[in-house]
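Subject: Structure for you to look over

Dear colleague,

Please find the structure we spoke about just below, followed by my notes on what I found in it. I would be glad if you could read the notes with the model open beside you.

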Amino acid sequence: RDPDADRLTAWAEGTTGVPFVDACMRALRAHGWINFRMRAMLMSFASYNLWLPWRDSGLHLARQFVDYEPGIHWSQCQMQSGSTSINTIRIYNPIKQGRDHDQDGVFIRRWCPELADIPTVHLHEPWALNGVMPIVDCADSARQAKERIFAISIQLALTVMPMLFSGGMAPGGLVCRYQLDDDHVAALVIHRCSSWPSISSC
């Protein structure tokens, strides 16, 4: 991931244009604490939708949390950004999260007063009413992130397996064949979004 100062600043200041993301960040900046789901969603949005390096977004969060604990914080940043290679990759949908956890918009209206007059039916996607678009399209950026992650996983599979001698595409994904010995060949099928890496949308 490449640094992007404009995207990082918008995320850190709570001005991405995505209501629940901005409300969570503004609440964090004011109080130094938000719950775990909000923390995970902020890290997910920075890592996948904005495609920011986890160290940059993680450092900002570390400076905000009153309960910052390095051993927990940095491992969580790596996990939520999909950098561990052992955990399920969770790409949070900030619109769904907002509707699930702030259905009536009380939290969003408190921290994003510029949205106070937006009807609740449009509050989680105000651009559908006022035409003011967020810095990224949530659905499109999540799709691009999944495609990038899949491409990275394929590249890793092709790079780190020294016994790989041939491969091809199967209906479910990439087939990697490994020469075990003179008489035996093993085949590994890497399935998009179902095997490795495991990707879920929250």
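Of the 202 residues of the protein, 42% count as buried, where buried means under 20% relative accessible area, exposed over 50% and partly exposed in between, with a 1.4 Å probe and protein chains only. This is a predicted model, in which local features need pLDDT of at least 70 and side-chain atom pairs count only at pLDDT 80 or more, while totals for chains, interfaces and linings use all residues. Residues are numbered from 1 along each chain as its sequence is written, and side-chain values use heavy atoms, with hydrogens and water left out.

The protein has 10 helices and five strands, taken as DSSP runs numbered from the N terminus (helices are H or I with at least four residues, strands E with at least two). Among contacts (heavy atoms within 4.5 Å) between residues at least 6 apart in sequence, 57% join residues at least 24 apart.

The largest nonpolar core has 35 residues, of which W11, L42, F45 and L61 touch the most other members; such a core is a set of buried Ala, Val, Leu, Ile, Met, Phe, Trp, Tyr and Cys residues joined through side-chain atoms within 4.5 Å. Helices α1 (5-13), α2, α3 (36-49), α4 (54-64) and α7 (106-111) each supply at least two residues of this core. A second, separate core of seven residues includes W51, A142, A145 and I149. Leaving aside neighbours within four places in sequence, L61 is in contact with W11, M25, L28, L42, M43 and H73.

Turning to the helices one by one, α1 has A10, W11 and A12 as its buried residues, and what covers them includes α2, α3 and α4. After α1 comes G14, with a positive phi near 75°.

Helix α2 (residues 19-31) is largely enclosed by the rest of the structure, because 10 of its 13 residues are buried, among them F20, D22, M25 and R26. Just after α2, G32 takes a positive phi of about 80°.

In α6 (residues 94-101), the buried residues are P94, I95, Q97 and G98. Seen down the helix axis, these fall within an arc of 165°, so they line one face of α6; the arc is that of the directions from the helix axis to the C-beta atoms. The N-terminal end of α6 is capped by N93, a side-chain oxygen of which lies 2.9 Å from the backbone nitrogen of I95.

Finally, which residues does H124 touch, not counting those up to four places away in sequence? They are P19, I95, G98, R99, D102, Q103 and I108. H124 lies in the loop between α8 (120-123) and α9 (127-130) and counts as buried because its relative accessibility is 6%, and its side chain reaches the backbone oxygen of D102 at 3.2 Å. E125 lies in the loop between α8 and α9, but at 26% relative accessibility E125 counts as partly exposed.

With best wishes

Terms used:
Polar contact = N/O pair within 3.5 Å; in protein donor to acceptor, adjacent residues only side chain to side chain.
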